[in-house]
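Subject: Structure handover

Hello,

Here is the structure I promised to pass on. Please open it alongside this note; my findings follow below it.

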Amino acid sequence: MNSTLPSDRRPSFSLAGRLCRAVLLLQLGGLGVLGLAGAQVAEAGAAKSCPSPAEIHAELLRLNAFRTQAQACGRKLLPAAPPLRWEGRLEASALAFAAELAQGDQLSHVGLKGSSLRERFRQSGYVMRRAGENLAAGQESLDEVLATWTLSAQHCENLMQSEFVDVGLACVVGPGRYDRYWVLHLGRPVEP
């Protein structure tokens, strides 16, 4: 795990109280995509689910709090960034892509039929000037997803880019090896 952040500056995403989890960050497919894999002991009969839309929307407050302070992303110190605003079209594109990842049981920035991030934004009706995408798979909670992204230099840089003004986040439960697929879409629209 990345230890470039002093302990008093690391995000305080509570992972305590969870059942025996061994966390292992995996570099996937040479795409710079970090996923979280873990050995875990689950409660018998525990249903797999994603956070409610209200919980996902509330995450914007924590993400914006993270952006209010300069952050060490890998070896780069990035300045504080302005707050993001929730964007329904980016939420829709994130949800559609998370469902596609779950269907294909994969974690890739290229869609099952070869779609790019630009194409996914266009399909959702978001005319972008700048776009970013963070993916994760296997994490059970928003705490784990944000901890994964903040400890990855490339994902942290996406979270801290001041050019981004809009955000959408989605989670989909799938039948494959990862169980949960998370997609964060960040954007800046073309100005009229």
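Is Cys-73 buried or exposed? Cys-73 is buried, at a relative accessible area of 1%. Before the rest, one caution: this is a predicted model.

**Overall picture**

The protein chain has 192 residues, and 46% of them are buried. Its secondary structure amounts to five helices and eight strands. Read from the N terminus, the order is β-β-α-β-β-β-α-α-β-α-α-β-β. Take the contacts between residues at least 6 apart in sequence: 69% of them join residues at least 24 apart.

**Disulfides**

How many disulfides does the structure hold? There are two. As a reminder, a disulfide is a covalent bond between the sulfur atoms of two cysteines.

Start with the partner of Cys-73. That residue is bonded to Cys-156, with an S to S distance of 2.0 Å. The two ends sit in distant parts of the chain, 83 residues apart: Cys-73 is in strand β3 (residues 71–73) and Cys-156 is in helix α5 (residues 153–160). Cys-156 is buried too, with a relative accessible area of 1%. The torsion about this S-S bond is about -50 degrees, so the disulfide is left-handed.

The other bond runs from Cys-50 to Cys-171, again with S to S at 2.0 Å. Cys-50 lies in the loop between β2 (33–40) and α1 (53–67), while Cys-171 belongs to strand β7 (residues 166–173), so this bond ties together parts that are 121 residues apart in sequence. Its S-S torsion is about -60 degrees, which makes the disulfide of Cys-50 and Cys-171 left-handed. Cys-171 is buried, at 9% relative accessible area.

Number the bonded cysteines in sequence order and the pairing reads 1-4, 2-3.

**Helix α1**

Arg-67 is worth a look. It is found in helix α1. What is the nearest side chain of opposite charge to Arg-67? It is Glu-163, 7.8 Å away. A salt bridge needs the side-chain nitrogen within 4 Å of a carboxyl oxygen. Arg-67 is buried yet has no salt bridge.

What does Arg-67 contact, leaving aside its neighbours within four places in sequence? Its contacts include Ala-80, Ala-81, Pro-82 and Leu-84. Among the others are Leu-159, Met-160, Gln-161, Ser-162 and Phe-164.

Ala-65 is also in helix α1. Its relative accessibility is 43%, so Ala-65 counts as partly exposed. From Ala-65 to Pro-82 is 17 residues in sequence and 9.8 Å in space, C-alpha to C-alpha.

**Aromatic pairs**

The count of aromatic pairs comes to two. Phe-121 and Tyr-126 form an edge-to-face pair, 5.5 Å centre to centre, with 85 degrees between the planes. Phe-121 is buried at 0% relative accessibility, and Tyr-126 is buried at 1% relative accessible area. Tyr-178 and Tyr-181 form an edge-to-face pair as well, 5.8 Å centre to centre, with 90 degrees between the planes. Both of these tyrosines, Tyr-178 and Tyr-181, are buried.

Best wishes

Note on methods: Residues numbered from 1 in each chain as written. Predicted model: local features only at pLDDT ≥ 70, side-chain atom pairs only at ≥ 80, totals over all residues. Heavy atoms only, no water. Disulfide = S-S within 2.5 Å. Helix = DSSP H or I, 4+ residues; strand = E, 2+ residues; numbered from the N terminus. Buried < 20%, exposed > 50% of the residue type's maximum accessible area, 1.4 Å probe, protein only. Contact = heavy atoms within 4.5 Å. Lys, Arg positive; Asp, Glu negative; His and termini not counted. Phe/Tyr/Trp six-rings, centres within 6.5 Å; stacked < 30°, edge-to-face > 60°.
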